[in-house]
Amino acid sequence: MTSVKENIARCAQLTDSDSARLDAELLLGSVLGRERTWLYTWPEYELNEAEQVRYEQLLQRRQAGEPVAHLIGEREFWSLSLKVDSSTLIPRPDTELLVETALEFFPQGRLRVLDLGTGTGAIALALASERPGWEIIAAEKSSAAVALAEENRRSLKLQNVQVIQSDWFSSLEPQPFSLIVSNPPYIDASDPHLVQGDVRFEPRTALVAERQGLADIEHIATTASDYLENDGWLMVEHGWQQAESVRDIFSAAGLNKVSSRRDYSGWERITLGQK
């Protein structure tokens with residue numbers, strides 16, 4: 001029998017991960033059905049044979065590069081537990097900047113919001129949890145991702161979000177939204193990071209865009225005015241080197257007060273503009 005403490009100590013085997021210990025704890029907690037804090041409270045607990053076999057299997061898959069979120073089937077975003085699978089992107093902490101910015105610009109009141117390319121529903125559900133008076137439409141092209149986002153919505157019991165299938169704006173009639181948010185594909189097809197780390201296991205359609213990663217952002221920006229009320233805002237996430245190009249796209253689309261926001265590492269990762 002091997003104890004919790006001994007299994008966690010073996011996390012150094014995950015040489016390809018920069019968060020090896022955390023990975024090991026999350027996998028072990030998943031196997032045991034326990035929170036990470038329990039692992040530290042009961043370090044001498046010995047796994048039974050079935051638990052040990054399951055943990056070894058997950059550990060091997062993680063060593064092969066498979067994302068922890070896929071292995072345990074969930075990821076936390078904005079303190080919400082979201083189910084994840086290979087049909088869409090894994091929610092990342094970087095995207096919380098988009099949520100923070102939207103909440104800052106609209107601290108109160110009732111408004112209509114559109115989340116384009118919702119994936120797991122992370123952005124829409126985070127906003128809905130903070131602003132129960134908002135009416136939010138979460139649009140997604142992939143039918144599998146639509147089902148996943150709806151499952152997350154139901155699990156979180158957030159009634160102010162409607163998940164729909166739509167290729168960007170295609171299934172929506174022109175209508176006024178106070179806010180449009182999106183974390184669209186923005187990676188260039190030749191980017192070497194596409195064959196590294198977790199992104200190897202995520203759908204390329206949710207990662208890659210034409211025109212050096214800017215095609216989808218341009219489409220959203222040039223179409224947004226048909227769906228924004230006067231003085232409404234468009235906010236998008238983009239790559240750390242794309243801020244200037246995205247500002248140019250927003251300005252060319254006729255948006256005003258165009259600016260970018262920096263993440264906690266100092267990179268400009270969010271650009272916004274007003275109709």
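The model is predicted: local features need pLDDT of at least 70, side-chain atom pairs count only at pLDDT 80 or more, and totals for chains, interfaces and linings use all residues. Residues are numbered from 1 along each chain as its sequence is written, and side-chain values use heavy atoms, with hydrogens and water left out. The protein chain has 11 helices and nine strands; helices (H or I, at least four residues) and strands (E, at least two) are DSSP runs, numbered from the N terminus.

**Whole chain**

- Of the 275 residues in the protein chain, 51% are buried; buried means under 20% relative accessible area, exposed over 50%, and partly exposed in between (1.4 Å probe, protein chains only).
- The protein chain has an accessible surface of about 13,600 Å², and carbon and sulfur atoms account for 47% of that surface; areas come from the Shrake-Rupley method with a 1.4 Å probe, and for residues only the protein chains shown count as cover.
- Among contacts between residues at least 6 apart in sequence, 65% join residues at least 24 apart; contact means heavy atoms within 4.5 Å.

**Strand 6 and its neighbours**

- Strand 6 spans residues 177–182, and six of its six residues are buried.
- Strand 3 (residues 112–116) runs parallel to strand 6 and is joined to it by four bridges; two strands pair if DSSP finds at least two bridges between them.
- Within this pairing, aspartate 115 has valine 181 of strand 6 as its bridge partner.
- Strand 7 (residues 228–237) also runs parallel to strand 6, with five bridges between them.
- Leucine 234 in strand 7 stands opposite isoleucine 180.
- The charged end of arginine 112 sits over the ring of phenylalanine 177, 4.4 Å from the ring centre; this term requires NZ of Lys or CZ of Arg within 6 Å of the ring centre and within 35 degrees of the ring normal.

**Aromatic pairs**

- The structure holds six aromatic pairs; rings of Phe, Tyr and Trp (its six-membered ring) pair if their centres lie within 6.5 Å, and planes under 30 degrees apart count as stacked, over 60 as edge-to-face and the rest as tilted.
- Tryptophan 38 and tyrosine 45 form an edge-to-face pair because their ring planes stand at 70°, with the centres 5.5 Å apart.
- Tryptophan 38 is buried at 16% relative accessible area, whereas tyrosine 45 is partly exposed at 32%.
- Phenylalanine 106 and tryptophan 134 have ring centres 6.2 Å apart and planes at 90°, so this pair is edge-to-face.
- That pair links distant parts of the chain, 28 residues apart: phenylalanine 106 lies in the loop between helix 6 (96–105) and strand 3, and tryptophan 134 in the loop between helix 7 (122–130) and strand 4 (135–140).
- Phenylalanine 106 is buried, with a relative accessible area of 15%, and tryptophan 134 is buried, with 2%.
- One aromatic cluster is formed by Trp38, Trp42 and Tyr45.

**Helix 11**

- Ala243, Val246, Ile249 and Phe250 are buried in helix 11 (residues 243–252).
- Seen down the axis, the buried residues of helix 11 fall within an arc of 120°, so they line one face of the helix; the arc is that of the directions from the helix axis to the C-beta atoms.
- Glu244 and Ala252 are exposed on the face of helix 11 turned away from its buried side.
- The cover over the buried residues of helix 11 includes helix 10 (215–224), strand 7, strand 8 (256–262) and strand 9 (268–274).
- Glycine 254 follows helix 11 and has a positive phi, near 90°.
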